[in-house]
Amino acid sequence: MQFYFSKQAEKYIDRCDKITRDRLLTAIFKLPFGDVAKLQGFKDEYRLRVGDLRVLFHMDSEIIKVNKVLPRGNAYNKI
């Protein structure tokens with residue numbers, strides 16, 4: 001699997017404290033396993049739940065592009 005991060009996702013992960021950053025990166029690099037659900041109304045768009053954070057990503061056969069990492073309350077507002 002190849003992983004790509006959007007600038008927004010990179011910035012959010014960089015601003016997190018070390019423990020949260022480690023939890024996020026561990027969960028992301030274990031994809032497609034974990035608490036993953038397909039987003040309704042979108043093709044190949046998914047979300048990963050990591051505590052109170054949501055990782056929104058696009059998944060093709062061998063490529064995962066992380067689009068956003070946001071708190072639960074804000075994650076679905078601007079999709």
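Modeller: We start with the ground rules, then go from the whole chain to single residues.

Biologist: What are the ground rules?

Modeller: This is a predicted model: local features need pLDDT of at least 70, side-chain atom pairs count only at pLDDT 80 or more, and totals for chains, interfaces and linings use all residues. Residues are numbered from 1 along each chain as its sequence is written, and side-chain values use heavy atoms, leaving out hydrogens and water.

Biologist: How many helices and strands are in the chain?

Modeller: Elements are DSSP runs numbered from the N terminus: helices are H or I with at least four residues, strands are E with at least two. Here the chain has two helices and five strands. From the N terminus on, the order is β-α-α-β-β-β-β.

Biologist: What does the radius of gyration say about the chain?

Modeller: The radius is taken over C-alpha atoms, and the globule rule is 2.2 Å times the number of residues to the power 0.38. For 79 residues, a compact globule would come out near 12 Å; the chain has 12 Å, so the two agree. Along the principal axes, the C-alpha atoms fill a box of roughly 30 × 30 × 25 Å.

Biologist: What share of the residues is buried?

Modeller: Buried means under 20% relative accessible area, exposed means over 50%, and partly exposed lies in between (1.4 Å probe, protein chains only). Buried residues make up 34% of the 79 in the chain.

Biologist: Which numbers describe a pair of aromatic rings?

Modeller: A ring pair is described by the distance of the centres and the angle of the planes. Rings of Phe, Tyr and Trp (its six-membered ring) pair if their centres lie within 6.5 Å; planes under 30 degrees apart count as stacked, over 60 as edge-to-face and the rest as tilted. By this rule the count is three aromatic pairs.

Biologist: Why is the pair of Phe 3 and Phe 29 called edge-to-face?

Modeller: The ring centres of Phe 3 and Phe 29 are 5.0 Å apart and the planes stand at 85°, so the pair is edge-to-face. This pair links distant parts of the chain: Phe 3 is in strand β1 (residues 2–5) and Phe 29 in helix α2 (residues 18–29), 26 residues apart. Phe 29 is partly exposed, at a relative accessible area of 46%. Ring pairs also link Phe 3, Phe 5 and Phe 29 into a cluster.

Biologist: And how do the rings of Tyr 46 and Phe 57 pair?

Modeller: The centres of the Tyr 46 and Phe 57 rings are 5.8 Å apart, with planes at 25°, so this pair is stacked. The pair links distant parts of the chain: Tyr 46 in strand β3 (residues 45–50) and Phe 57 in strand β4 (residues 53–59), eleven residues apart. Tyr 46 is buried, with a relative accessible area of 18%. Phe 57 is buried too, with 0%.

Biologist: Which charged end sits over the ring of Tyr 46?

Modeller: The test is geometric: NZ of Lys or CZ of Arg must be within 6 Å of the ring centre and within 35 degrees of the ring normal. The charged end of Lys 38 sits over the Tyr 46 ring, 5.9 Å from its centre.

Biologist: Which residues does Phe 57 touch?

Modeller: Contact means heavy atoms within 4.5 Å. Not counting residues up to four places away in sequence, Phe 57 touches several residues, including Leu 31, Val 36, Asp 44, Tyr 46, Leu 48, Ile 64 and Val 66.

Biologist: How many bridges join β3 to β4?

Modeller: Two strands pair if DSSP finds at least two bridges between them. Six bridges join β3 to β4, and the strands run antiparallel. Arg 49 has Arg 54 in β4 as its bridge partner. Two residues lie between the strands of this hairpin, where Gly 51 takes a positive phi near 65°.

Biologist: Which backbone angles deserve a look?

Modeller: The peptide bond from Leu 31 to Pro 32 is cis, with omega near 15°. Pro 32 is in the loop between α2 and β2 (36–38). Asp 44, in the loop between β2 and β3, has a positive phi near 65° in a residue other than glycine. Asp 44 counts as partly exposed, at 24% relative accessibility.
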